[in-house]
2 protein chains.
Amino acid sequence: MQLVKLYIKLLFISAFSLMSLLAQAQSNSETIEVLSPNGQVKVSFLLEHGSIYYQVGFKNMPIINKSSLGFELLDKPQLAQNFKIVASEQTQVNQSWQAVWGENAQVENNYTQAIIRLAQQDQLSRQLNIHFRVFNDGVGFRYEFPQQPNLTSFAISKELTQFAMAENYTAWWIPAYRDQRYEYQYLKSALSSIDYAHTPLLMQNKKVAVAIHEAALVDYASMTLKLLTDNHKTLEADLVPWANGVKVYAQAPMSTPWRTIQVADSAVQLINSNLILNLNEENKLQDVSWIEPSKYMGIWWEMHIGQKSWSPGPMQGATTERAKQYIDFAAKHNIKGVLVEGWNKGWEGNWWERKPTFIFDQAVDGFDLAQVSQYAQEKGVELVGHHETAAGIAHYEAQMEQAFAYYQKHGIRSVKMGYVGTRVDGGEWHHGQFMVRHFNKLIKTAAKYQIMVNAHETIKDTGLRRTYPNMMTRECVRGMEYNGGSPDGGNLPNHTVIIPFTRGLSGPTDFTPGIFNFAYQEKRPNNRVPTTLAKQLALYVTIYSPQQMAADLPENYQDHPAFQFIYDVPTDWRKSIALAGDVGEYLVVARQDKHSEQWFLGATSNEDARNLSVQLDFLPKGQKFKAVIYADGANAHWQHNPAAYQITSQQVTAKSNLSLQLAAGGGAAVQFIPVN
Amino acid sequence: MQLVKLYIKLLFISAFSLMSLLAQAQSNSETIEVLSPNGQVKVSFLLEHGSIYYQVGFKNMPIINKSSLGFELLDKPQLAQNFKIVASEQTQVNQSWQAVWGENAQVENNYTQAIIRLAQQDQLSRQLNIHFRVFNDGVGFRYEFPQQPNLTSFAISKELTQFAMAENYTAWWIPAYRDQRYEYQYLKSALSSIDYAHTPLLMQNKKVAVAIHEAALVDYASMTLKLLTDNHKTLEADLVPWANGVKVYAQAPMSTPWRTIQVADSAVQLINSNLILNLNEENKLQDVSWIEPSKYMGIWWEMHIGQKSWSPGPMQGATTERAKQYIDFAAKHNIKGVLVEGWNKGWEGNWWERKPTFIFDQAVDGFDLAQVSQYAQEKGVELVGHHETAAGIAHYEAQMEQAFAYYQKHGIRSVKMGYVGTRVDGGEWHHGQFMVRHFNKLIKTAAKYQIMVNAHETIKDTGLRRTYPNMMTRECVRGMEYNGGSPDGGNLPNHTVIIPFTRGLSGPTDFTPGIFNFAYQEKRPNNRVPTTLAKQLALYVTIYSPQQMAADLPENYQDHPAFQFIYDVPTDWRKSIALAGDVGEYLVVARQDKHSEQWFLGATSNEDARNLSVQLDFLPKGQKFKAVIYADGANAHWQHNPAAYQITSQQVTAKSNLSLQLAAGGGAAVQFIPVN
């Protein structure tokens with residue numbers, strides 16, 4: 001991550017004189033307006049009778065009405081009223097930076113920054129600064145607690161940040177404070193029907209789309225949103241508490257995560273926003289040569305569909321022999337990684353119901369890690385490590401360094417983490433400050449041993465991959481596994497055309513696409529992967545992840561013509577564009593390979609069939625391309641005929657319109673290869 | 001309500017001999033199948049190792065998989081296992097009955113009844129009978145606790161009824177255990193994302209629509225549905241508890257309400273089901289001459305839009321003079337009733353925040369009830385009474401008889417009830433046994449004084465209007481009032497094309513349509529009625545209620561050509577048919593006037609404009625009709641141009657197709673007048 005351009009224009013710094021302070025106190029009210037570079041997003045900070053507020057507008061439309069700011073502290077006076085503005089400054093930042101990997105090789109980062117320095121007008125004179133960054137596609141703001149004599153160590157009992165939404169929007173949300181963490185299918189409702197929602201929370205009407213989330217969650221509780229019932233449309237930051245009820249333990253100087261409000265004309269445009277990444281700090285890792293996006297496959301799906309088990313014994317999935325079969329296939333088919341779940345000791349019986357017994361540097365009988373890893377390296381493939389903690393953090397952290405050192409010794413560069421459980425260490429939520437701390441410790445420790453992290457059942461993404469680019473991808477979604485193993489039969493067909501607009505706004509999603517065998521009569525008669533085959537391919541483009549799994553068994557890919565798309569599709573991109581879509585209905589995304597001139601396109605539909613006409617004006621002008629189209633077969637249908645597909649090709653240019661017929665629950669995947 | 005046909009064919013009664021009992025105990029498993037009259041709905045009752053279950057199929061498709069039955073009792077052994085079947089019988093019932101009023105003058109009631117008599121195989125030998133009624137459009141079942149020596153008085157701590165849904169359907173639901181009672185906009189999500197839902201709960205996929213609700217809730221807790229998280233698709237009956245945690249206090253002999261499962265090919269067909277009514281007992285009122293559906297208007301909307309107040313003083317809405325204005329308008333415009341909210345003593349200040357101070361037989365200063373009622377009667381209009389209890393039941397019940405006697409004395413035949421508050425009498429839910437008891441007492445007391453009831457903020461409808469036809473209509477929905485007075489700005493445009501498919505399945509809905517003035521710049525700048533004018537008219541047909549309000553101010557109706565439809569539309573019907581629709585999208589309903597040969601049709605859309613072609617084959621063949629069409633104007637739009645409408649007429653027959661252009665948030669209302 002390298003800075004290529006950085007223009008900072010300091011607009012004005014004002015240190016108020018005694019006279020202006022007096023004038024201020026008399027007027028009782030003060031407003032500071034901050035405009036985005038092109039002026040379409042406007043934030044107003046308001047000081048009224050010593051209390052602090054903000055509001056947000058977009059294209060002269062109110063988006064967030066006057067909303068509270070501040071804190072309640074444990075056993076200390078509130079940090080919410082009696083404020084004066086000590087100073088404020090505005091800065092124009094016009095930057096672009098290069099990503100180690102990502103949806104886009106180069107990211108524009110243009111915003112207006114305002115820093116408002118506040119102090120309470122009493123004998124403690126406690127200080128609180130508010131930073132706003134106003135982009136053309138939204139707003140970030142954070143609280144800074146500067147070093148000061150009368151506020152050193154403290155505990156936050158409530159963050160008073162509110163989001164007084166201007167309209168009763170239609171919301172797409174998952175509920176907070178439930179046992180399955182983020183693993184819910186999305187609810188669509190009026191904003192007024194929410195109780196507690198996770199972020200990113202998407203809201204929209206016919207005129208505008210808004211998403212609330214946070215960026216740079218480093219040492220704080222994660223923010224959920226609570227609907228206030230007195231007016232049915234104001235959301236309040238509801239920090240996930242420690243088991244003892246405290247929200248955050250802090251020590252000045254410190255800053256909160258950024259509260260983010262992304263806004264655009266329509267939901268599909270939000271997918272193109274880089275606001276969350278831009279609000280994170282730059283890469284802190286000196287050497288990133290070992291960090292590399294890639295595809296992987298692994299011993300995993302056969303457990304979910306009941307053919308194998310994570311436990312040792314006759315059903316054991318993790319065996320040396322089976323791993324070698326995966327490695328052989330991967331080596332021939334452009335798949336870099338092979339994951340082996342259940343490889344280590346401690347998986348006996350109902351492991352998720354007891355205190356964890358995992359040993360992270362000892363292989364289970366029947367699996368020889370050293371041999372398998374060696375075999376993989378000889379074939380040009382890499383073993384992907386796996387640490388299931390069963391949400392036992394103390395147990396895991398005691399072994400963490402040793403476990404990563406063990407992986408490094410065996411040439412393993414990547415680990416999939418698991419935190420299965422309803423609470424962590426018996427009492428903490430998965431999303432409170434306790435787990436945020438653990439997770440950031442995990443990322444740093446992994447980096448020390450040059451290991452990339454793919455985290456499941458963990459804290460939501462807030463863009464830390466910019467700062468620690470070994471933080472590759474994560475779950476935090478109701479993923480493919482539910483289709484294979486959940487007693488409810490799996491996700492609905494519209495799930496995969498909701499999550500890129502919602503969960504996807506936070507960052508890469510390890511959804512694990514690529515299932516070619518859709519039903520499992522023997523062991524899972526009621527389960528089904530609710531897509532056609534062509535849609536499975538399209539997911540490699542529509543759901544972004546730098547580590548993409550080819551999730552099915554090698555036997556189901558062997559000699560399958562459609563596997564060619566998985567072979568060809570890259571995992572690192574020069575440019576990404578969400579072209580068209582409607583939440584819960586369909587999505588079309590185009591991406592350019594980072595390392596070639598090829599483009600790829602994915603189009604996915606919900607349970608309805610539909611015809612799409614896609615303008616190819618994203619392609620470079622004047623260049624001819626061979627478009628290889630993996631489309632639904634004529635009678636394809638996710639339920640009755642999921643495997644029907646066809647591969648065709650045609651020559652196209654930037655002037656072409658591509659006509660795509662998507663089946664019910666279907667999709668299309670296209671590879672564009674430059675030709676002379 | 002008069003029985004016109006009743007055929008009962010007793011199919012078989014089996015009283016098991018000692019030998020068959022022994023055989024049964026040895027086999028450990030027994031199944032009793034019950035088929036609907038046409039065979040398309042099948043219920044299986046299962047006894048397995050002494051435990052009891054049921055399952056439901058529709059057209060050979062599983063709808064509800066094997067699901068538990070039974071009870072946990074307070075301080076007593078469970079009534080769930082160790083059962084044997086003592087006897088079972090099946091009866092075919094082929095009946096039709098005439099409604100005092102309703103959507104249909106005559107109701108077909110054809111079902112197969114099975115009664116399964118169970119006894120526990122221990123020294124207590126407690127008995128429990130299960131009654132199934134299997135209709136072509138669904139199933140009702142209830143538990144009967146017969147009189148018996150070892151189960152007399154008891155308390156139910158948990159009802160074990162489950163609904164193991166066969167698929168992870170798309171659900172349309174409102175959350176239970178929230179402070180706004182049933183007044184939420186509907187959530188659309190996968191079944192797997194529910195936590196606690198109220199009934200009716202609508203579930204659907206492309207093949208089938210299913211609704212779970214209950215019928216004949218008389219002295220029991222109301223049933224909410226809890227999603228079991230171990231499999232994400234089994235719902236469990238979750239009875240709303242008393243403040244002390246007990247669910248139901250009971251005394252044998254008694255029967256529970258019917259648990260109902262309505263099923264059809266599509267959601268719109270569920271609207272045509274009479275299953276809930278059929279499961280209620282016949283009319284118990286001897287004299288029904290005083291019961292009459294009608295339209296009403298009243299002093300109410302001006303409070304919601306902030307122009308007047310419920311409190312006495314300068315803003316007081318309830319004045320003799322204003323009431324006379326309403327009466328004058330009503331008398332000229334075919335509106336039978338005039339409601340006056342805030343007419344009685346006790347409305348001072350924030351009445352909803354204190355212990356109630358209402359006096360139900362004393363008018364506030366400025367309002368002379370005797371004079372107004374007399375004036376109304378002279379004009380051929382009736383005053384509609386109003387009892388706001390502020391959820392203070394003890395306070396209200398102490399005055400109830402006296403209050404109804406007072407109304408009867410003044411010629412008042414109808415009362416609107418209010419139960420505003422988050423809990424009843426300080427601790428009870430609005431929907432537990434406490435309130436069910438109160439509500440049934442209310443209906444009976446009202447009947448004694450020949451008063452019809454329109455109840456707001458009360459228990460959901462379970463079809464008791466069949467038994468007590470003075471139970472006219474009720475709210476139990478997020479009604480029109482939210483559009484005028486809610487700080488969230490109001491309901492979304494799709495709300496009115498969701499509630500007939502959900503809330504509407506339970507019974508009449510006092511939504512209060514007919515607003516002609518859509519925005520209130522001065523007092524409620526952010527509020528709006530989210531429909532066009534033509535859609536307001538259509539709601540009189542699409543949302544069924546025997547008491548329909550003309551909810552706007554008389555000034556907004558005066559000399560308005562479109563008011564003619566409200567003038568003409570009846571409130572009692574010979575026949576009703578939901579013709580077409582899609583939940584949250586649109587709905588088309590036709591109804592025939594009970595007292596003439598006229599038909600009426602309403603068509604409503606969500607936020608999208610759409611063209612509909614309606615086949616008029618519901619009209620009697622060979623008869624010509626003049627169709628008077630109240631349609632959206634060419635540029636009508638709920639937000640930008642709600643008042644644009646046009647009235648046209650054309651001649652049609654049963655062979656015609658009527659083409660309707662609905663605007664965004666629009667609708668169409670049609671009156672069909674027979675012509676020669």
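Modeller: Let me begin with a term: a helix axis is a line fitted to C-alpha atoms, over the stretch in contact, and the angle between two axes is taken between N-to-C directions, from 0 to 180 degrees. The model we are looking at is predicted.

Biologist: Thanks! How do the axes of helix α7 and helix α8 of chain A cross?

Modeller: The axes of α7 (residues 393-409) and α8 (residues 433-448) of chain A cross at roughly 10° and come within 10 Å.

Biologist: What makes α7(A) and α8(A) parallel or antiparallel?

Modeller: Angles under 35 degrees count as roughly parallel. The angle here is roughly 10°, and therefore α7(A) and α8(A) are called roughly parallel to each other.

Biologist: Which residues in α7(A) meet residues in α8(A)?

Modeller: From α7(A) come A:Ile393, A:Tyr396, A:Glu397, A:Met400, A:Glu401 and A:Phe404, and their partners in α8(A) include A:Phe434, A:His438, A:Leu442 and A:Lys448. Sorted by class, this contact has eight nonpolar, four charged and two polar residues.

Biologist: Which residues in α5(B) meet which residues in α6(B)?

Modeller: B:Thr320, B:Ala323, B:Lys324, B:Ile327 and B:Asp328 belong to α5(B), and they meet B:Gln371, B:Val372, B:Tyr375 and B:Ala376 of α6(B). Five of the residues in this contact are nonpolar, two are polar and two are charged.

Biologist: How far apart are B:Ala99 and B:Leu277 in sequence and in space?

Modeller: In sequence B:Ala99 and B:Leu277 are 178 residues apart, while in space their C-alpha atoms are 9.9 Å apart.

Biologist: What is noted about phi of A:Ser125?

Modeller: Phi of A:Ser125 is near 45°, a positive value, and this residue is not a glycine. Most residues other than glycine have a negative phi. A:Ser125 sits in the loop between β8 (106-120) and β9 (127-135) of chain A.

Biologist: And how do you know whether A:Ser125 is buried, exposed or partly exposed?

Modeller: Buried means under 20% and exposed over 50%. A:Ser125 has 37% relative accessibility, and therefore counts as partly exposed.

Biologist: What about A:Thr512, is it buried or exposed?

Modeller: With 2% relative accessibility, A:Thr512 counts as buried. A:Thr512 also has a positive phi, about 65°, without being a glycine. Its place is the loop between α9 (481-485) and β31 (519-520) of chain A.

Biologist: Is the peptide bond from B:Ala252 to B:Pro253 cis or trans?

Modeller: The bond from B:Ala252 to B:Pro253 is cis, with omega near 0°. B:Pro253 lies in the loop between β20 (248-251) and β21 (254-255) of chain B. In chain A, A:Thr199 and A:Pro200 are also joined by a cis peptide bond, with omega about 0°. Most peptide bonds are trans.

Biologist: Which are the edge strands of the open sheet in chain A?

Modeller: The sheet has eight strands, in the order β2-β3-β4-β5-β12-β19-β18-β15, with antiparallel pairing. At its edges are β2 (29-35) and β15 (196-197), each of which pairs on one side only.

Biologist: What makes β15(A) and β18 of chain A a pair?

Modeller: Pairing needs at least two bridges. Two bridges join β15(A) to β18 (residues 223-228), and these strands run antiparallel. Across this pair, A:Tyr196 stands opposite A:Lys226.

Biologist: Last one: which way do residues point from strand β16 of chain B?

Modeller: B:Leu201 and B:Met203 point one way from β16 (residues 201-204), B:Leu202 and B:Gln204 point the other way, and all are buried. Four bridges link β16(B) with β17 (residues 209-215), and these strands form a hairpin with four residues between them. On the β17(B) side, B:Ile212 is the bridge partner of B:Leu201.

Definitions and conventions
Residues are numbered from 1 along each chain as its sequence is written. Chains are lettered from A and ligands numbered from 1 in the order in which they are written. This is a predicted model: local features need pLDDT of at least 70, side-chain atom pairs count only at pLDDT 80 or more; totals for chains, interfaces and linings use all residues. Side-chain values use heavy atoms; hydrogens and water are left out. Contact means heavy atoms within 4.5 Å. Ala, Val, Leu, Ile, Met, Phe, Trp, Tyr, Cys and Pro count as nonpolar, Asp, Glu, Lys and Arg as charged, and the others, Gly among them, as polar. Angles under 35 degrees count as roughly parallel, over 145 as roughly antiparallel, 65 to 115 as roughly perpendicular and the rest as oblique. Buried means under 20% relative accessible area, exposed over 50%, partly exposed in between (1.4 Å probe, protein chains only).
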